[in-house]
Amino acid sequence: MNPPSAVSPTAKPGSPTPFDPQARDFDRRVVLTEADCRAIATAVLALAGVRPGERLLEIGAGTGTIGRWFLDRPDHPIRPITYIGLDLSRGMLEV
């Protein structure tokens, strides 16, 4: 089975992916509320057992709608952490 072209091992860095054209409207179409994003971030931090000073790596971060909540939590006991979000889609990262 061949991987989709967006994740092809022969793809060159920065080459277009199928998600690039969707990036601008992606967050509006997905409709994750602030409460949803906070709940997801809280659950991920708890499940991963992240402690202050550790790094959290998100692969497939998209536009960062959820990822920003790993950092924007001044009241959360698991602070500070280093968050790194990766995505193959340059369009998603630019948003």
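**Figure 1. Span and faces of helix 2 in the predicted model.** Helix 2, residues 34–48, contains 15 residues, and the distance from its first C-alpha to its last is 21 Å, close to the 21 Å expected at 1.5 Å a residue. Viewed down the helix axis, the buried residues of helix 2 lie within an arc of 65°, so they line one face. These buried residues are Cys37, Ala41 and Leu45. Ala35, Ala46 and Leu47 are exposed on the other side of helix 2. Gly49 follows the helix and has a positive phi, near 65°.

**Figure 2. Cover over the buried residues of helix 2.** Cys37, Ala41 and Leu45 are the buried positions in view. Their cover includes strand 1, residues 55–59, and helix 3, residues 68–71.

**Figure 3. The largest nonpolar core.** This core has 11 residues. Helix 2 and helix 3 are the elements that give two or more residues to the core. Helix 2 gives the most, with three residues. Members of the core include Cys37, Ala41 and Leu45, which are the buried residues of helix 2 named above. Also in the core are Val50, Leu56, Ala61, Ile66, Trp69, Phe70, Ile81 and Tyr83. In soluble globular proteins, nonpolar side chains tend to be buried together.

**Figure 4. Surroundings of Tyr83.** Tyr83 belongs to the largest nonpolar core. Leaving out residues up to four places away in sequence, Tyr83 touches Leu56, Glu58, Ala61, Gly67, Phe70 and Leu71. Among these, Leu56, Ala61 and Phe70 are also listed in the core.

**Figure 5. Ser89 and its contact with Asp20.** Ser89 sits in the loop between strand 2, residues 82–86, and helix 4, residues 90–94. Its relative accessible area is 1%, under the 20% cut-off, so Ser89 counts as buried. The side chains of Ser89 and Asp20 form a polar contact of 2.5 Å. Not counting residues up to four places away in sequence, Ser89 touches Thr17, Phe19 and Asp20.

Figure 6. Of its 95 residues, 27% count as buried. Among contacts between residues at least 6 apart in sequence, 77% join residues at least 24 apart. The protein exposes about 6,700 Å², and carbon and sulfur atoms supply 59% of that area.

Note on methods. Residues are numbered from 1 along each chain as its sequence is written. This is a predicted model: local features need pLDDT of at least 70, side-chain atom pairs count only at pLDDT 80 or more; totals for chains, interfaces and linings use all residues. Side-chain values use heavy atoms; hydrogens and water are left out. Helices (H or I, at least four residues) and strands (E, at least two) are DSSP runs, numbered from the N terminus. Buried means under 20% relative accessible area, exposed over 50%, partly exposed in between (1.4 Å probe, protein chains only). A polar contact is a pair of N or O atoms within 3.5 Å; within protein, one must be able to donate a hydrogen and the other to accept it, and residues adjacent in sequence count only if both atoms are side-chain atoms. Contact means heavy atoms within 4.5 Å. The expected span of a helix is 1.5 Å times one less than its number of residues. The arc is that of the directions from the helix axis to the C-beta atoms. A nonpolar core is a set of buried Ala, Val, Leu, Ile, Met, Phe, Trp, Tyr and Cys residues joined through side-chain atoms within 4.5 Å. Accessible areas come from the Shrake-Rupley method with a 1.4 Å probe; for residues, only the protein chains shown count as cover.
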